Amino acid sequence: MTSLSALSLPLQYPTARRDDSVVEDYHGVKVADPYRWLEDPDSDEVKEFVEKQVKLTNSVIQQCETRSKLNEKITKLFDHPRYHAPFRRADKYFYFHNSGLQPQDTLYVQDSLESEAEVLLDPNALSEDGTASLNTLSVSEDANYLAYGLSLSGSDWVTIKVMRIEDKNVEPDTLSWVKFSSISWTHDSKGFFYSRYPAPKDGEVVDAGTETNSNLYHELYYHFLGTDQSEDILCWRDPENPKYSFGGGVTEDGK
């Protein structure tokens, strides 16, 4: 690996300003935090600092002699088909497959073990850069519907959509402000449980996914298929413990 000294670069690391006025008192112990200002991703000063770091990093990486060799080796190692273990709902079988170099795995469905598999959901087609990923999913007990959560660019925030499996039609159902959630259908296939945070007030969130404040008051909801999210039933919240998170799963017997 090429060392930094061998690159003959005038390395100039960006200077991080110290703010010695920020000192916390933890049970009588003084703890200085001179770089607290770097925790604000929306600050112009922070953005400028990050841009300088990126510029410096790229200047080093671009001259690294082993970069192309590593890229070639890693590409070769990943370039092979991969299958996930299948699962069954009603009379249908579902599984994930990656041809080798696809950014995201594709979800397939087939009507029997002998029938030809069809693409049910390909996350690679949902964004140009391949960063739309399938965060969570659940197939209804009768295998008529697929509820799935999409994440963009690695964000923990998820949007839940619903697809009718027979014709692959995406339903109007759209559930927002979902995070750290599973999806669990009731056995009547009328809807499912999921977890979310309260929607932010106007102006409260500038760029969801890069904010550094804590999310509070996680809630468990039930969504009836075909209804607006505003009509979802709040099943559980704990206002006395705002940092707790909750999830709900239907038992094997459906009760």
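A residue counts as exposed when its relative accessible area is over 50%, as buried when that value is under 20%, and as partly exposed in between. In this predicted model, Lys30 is exposed because its relative accessible area is 60%. The points below take up salt bridges, surface patches and the surroundings of one aspartate.

**Salt bridges**

- The structure holds 11 salt bridges, and one of them joins the side chains of Lys30 and Asp25, with a distance of 3.1 Å from N to O.
- Lys92 counts as buried because its relative accessibility is 18%, whereas Asp111 is partly exposed at 49%.
- Glu45 and Arg17 also form a salt bridge, in which the closest N and O atoms are 2.8 Å apart.
- Because Glu45 lies in helix α1 (residues 44-61) and Arg17 in the segment before β1 (23-26), the pair ties together parts that are 28 residues apart in sequence.
- Glu45 is partly exposed, at 33% relative accessibility, and Arg17 is likewise partly exposed, at 35%.
- Glu24, Asp33 and Arg36 are connected with one another in a network of salt bridges.

**Surface patches**

- Leu70, Ile74, Leu77, Phe78 and Leu101 make a nonpolar surface patch of about 500 Å².
- Glu141, Asp142, Glu252 and Asp253 form a negative surface patch.
- Of these residues, Asp253 is placed in the segment after β15 (233-236), and Asp253 is exposed, with a relative accessible area of 52%.

**Surroundings of Asp129**

- Asp129 is found in the loop between β7 (118-121) and β8 (132-139), where Asp129 is exposed, with a relative accessible area of 54%.
- The side chain of Asp129 makes a polar contact of 2.7 Å with the side chain of Thr131, and another, of 3.4 Å, with the side chain of Ser127.
- Between Asp129 and Ser176 there are 47 residues of separation in sequence and 22 Å in space, taken from C-alpha to C-alpha.

How values were computed: Residues are numbered from 1 along each chain as its sequence is written. This is a predicted model: local features need pLDDT of at least 70, side-chain atom pairs count only at pLDDT 80 or more; totals for chains, interfaces and linings use all residues. Side-chain values use heavy atoms; hydrogens and water are left out. Helices (H or I, at least four residues) and strands (E, at least two) are DSSP runs, numbered from the N terminus. Buried means under 20% relative accessible area, exposed over 50%, partly exposed in between (1.4 Å probe, protein chains only). A polar contact is a pair of N or O atoms within 3.5 Å; within protein, one must be able to donate a hydrogen and the other to accept it, and residues adjacent in sequence count only if both atoms are side-chain atoms. Patches are made of residues with over 30% relative accessible area and no salt bridge: like charges are joined within 9 Å, nonpolar side chains (Val, Leu, Ile, Met, Phe, Trp, Tyr) within 5 Å. Accessible areas come from the Shrake-Rupley method with a 1.4 Å probe; for residues, only the protein chains shown count as cover. A salt bridge is a side-chain nitrogen of Lys or Arg within 4 Å of a carboxyl oxygen of Asp or Glu. Lys and Arg count as positive and Asp and Glu as negative; His and the chain ends are not counted. The place of a charge is taken as NZ of Lys, CZ of Arg, CG of Asp or CD of Glu.
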